[in-house]
Amino acid sequence: MSVAPAHRPRVAVSRTGLPGAGVERLAARFDVVDWTGTHPPSADELARVAKGCDGLLVLGSDRVDAALLDAAGPDLRVVALASMGYDGVDVAAAAQRGIVVTHTPNVLADTTADVAMTLILMARRRIPSAVDALRRGAWGAFRMDAFLGLDVHNATLGLIGYGQIARALARRAVGFGMRVQHHHPRRKEDDELSRWVPFDELLRTSDVVSVHTPLTKETEGMIGAAELALMKPTATLVNTGRGGVVDEQALLTALRGGDLHSAGLDVMTDEPRTDPSDPLLGEPHLVVLPHVGSATEATRAAMVELAARNVEAVLDGRPALTPLPGTPGLAGRVISV
Ligand code: DGY
């Protein structure tokens with residue numbers, strides 16, 4: 001008597017050619033089908049790839065909503081993000097369906113903190129304007145008053161949010177001779193790197209304010225005109241979290257009015273920004289990077305690898321390694337969040 005082959009689970013991957021060996025690892029155990037288009041898949045395209053899958057590996061910029069979960073079908077047990085941020089996911093819709101959602105803490109904090117520190121140095125020392133002048137042949141004679149920035153050492157860094165990336169930045173900042181303070185709405189504790197301060201005090205007393213909160217209904221637009229007005233006119237704002245936390249128009253107004261020294265953004269609303277005449281890209285005292293916080297070969301490979309291990313764990317019936325905070329890591333547990 002022949003035994004029917006066991007169902008080999010199917011895993012959909014929202015991009016082709018992801019770094020590292022994570023997808024290969026999945027392909028050794030599961031039927032992997034990936035989106036092979038040269039552009040990121042639209043909602044309909046992603047739904048077609050996801051149809052009938054047991055697991056889904058996506059990027060932070062992909063939208064995972066109820067429609068996608070339903071299009072995937074009843075076998076879907078896990079959505080693994082190859083990202084730390086999960087603002088593109090309808091967490092409640094997944095929880096109602098007993099689908100585990102995972103993300104990638106523990107593998108990208110240092111790499112992203114390097115970029116936050118880079119933005120602080122670039123913005124405060126006005127490095128992009130100096131490089132630009134050099135490239136235009138406008139260096140001129142050495143002048144004592146040319147290309148002047150503000151010191152980073154002895155400056156006070158204020159961290160909004162105090163998770164893994166913020167703490168990794170605090171470690172770097174201490175090495176650069178900065179004083180560090182932070183605000184977290186619930187964990188009102190000092191530690192060896194930083195002291196907790198109220199939100200308004202942080203804005204008023206910091207020379208550099210760095211944003212490290214996830215994007216949620218509560219944090220959307222949390223740095224707007226009123227908050228920027230509290231900051232010192234000599235201060236620098238840095239954002240390596242999510243674009244929606246900072247009101248970009250209010251930021252441009254503050255920079256143009258001389259109410260803020262400088263800013264550095266690795267994240268923006270409506271990414272990618274591809275219009276060269278975009279006011280955000282041409283603002284002299286604003287350094288903008290194309291969302292490269294975690295972009296090293298090793299870290300991006302580690303993110304995909306962790307996402308793959310999460311898929312594997314859940315499809316094997318084990319708890320996910322890194323489920324979203326406050327959610328169970330086992331498929332089939334229906335909860336409301
Ligand atoms: C993250 O991990 O959230 C980064 O922004 C890349 O998506």
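Predicted model: local features only at pLDDT ≥ 70, side-chain atom pairs only at ≥ 80, totals over all residues.
## Domains and their interface

The domain assignment divides the protein chain into domain 1, made of residues 10–107 + 297–334, and domain 2, residues 109–288. Domain 1 is therefore built from two stretches of the chain, because the assignment gives it two ranges. Taken over C-alpha atoms, the centres of domain 1 and domain 2 are 32 Å apart. Seven residues of domain 1 and five residues of domain 2 take part in the contact.

The size of an interface is often expressed as the accessible area lost when the parts come together. For domain 1 and domain 2 the buried area is about 530 Å², with 43% of it on carbon and sulfur atoms. Three residue pairs are in polar contact across this interface, counting pairs with both residues at pLDDT 80 or more. On the side of domain 1 that touches domain 2, the residues divide into three nonpolar, three polar and one charged.

One salt bridge is counted between domain 1 and domain 2. The side chains that meet in a salt bridge are those of R242 and D87, with an N to O distance of 2.7 Å. D87 and R242 lie 155 residues apart and link distant parts of the chain. D87 sits in the loop between strand 4 (78–81) and helix 4 (91–96), while R242 sits in the loop between strand 10 (236–239) and helix 10 (248–256). D87 has a relative accessible area of 35%, so it is classed as partly exposed. R242 has 16% relative accessibility; because the cut-off for buried is under 20%, R242 counts as buried.

## Salt bridges

The whole structure holds 22 salt bridges.

| D87 | R242 | 2.7 Å |

Some salt bridges join into a network. Its linked residues are R25, R29, E305, R309, E312, D316 and R318.

T112 lies in helix 5, which spans residues 109–124. With 5% relative accessibility, T112 counts as buried, because that value is under 20%. Apart from neighbours within four places in sequence, T112 touches I165, T240, G293 and S294.

D200 is located in helix 8 (residues 199–205). The relative accessible area of D200 is 39%, so D200 is partly exposed. Between the C-alpha atoms of D200 and M231 the distance is 8.9 Å, and these two residues are 31 residues apart along the chain.

## Backbone geometry

Most residues other than glycine have a negative phi, and most peptide bonds are trans. Some exceptions in this model follow.

The peptide bond from E271 to P272 is cis, and its omega is near -5°. P272 is in the loop between strand 11 (262–265) and helix 11 (279–282).

N106 is not a glycine, yet its phi is positive, at about 75°. The loop between strand 5 (100–102) and helix 5 contains N106. N106 has a relative accessible area of 56%; because this is over 50%, N106 is exposed.

F147, another residue other than glycine, has a positive phi near 55°. F147 lies in the loop between helix 6 (127–135) and strand 6 (156–160). At 38% relative accessibility, F147 is partly exposed.

Note on methods. Residues numbered from 1 in each chain as written. Heavy atoms only, no water. Contact = heavy atoms within 4.5 Å. Buried area = accessible area lost by both parts, 1.4 Å probe. Salt bridge = Lys/Arg side-chain N within 4 Å of Asp/Glu carboxyl O. Polar contact = N/O pair within 3.5 Å; in protein donor to acceptor, adjacent residues only side chain to side chain. Nonpolar A, V, L, I, M, F, W, Y, C, P; charged D, E, K, R; others polar. Helix = DSSP H or I, 4+ residues; strand = E, 2+ residues; numbered from the N terminus. Buried < 20%, exposed > 50% of the residue type's maximum accessible area, 1.4 Å probe, protein only.
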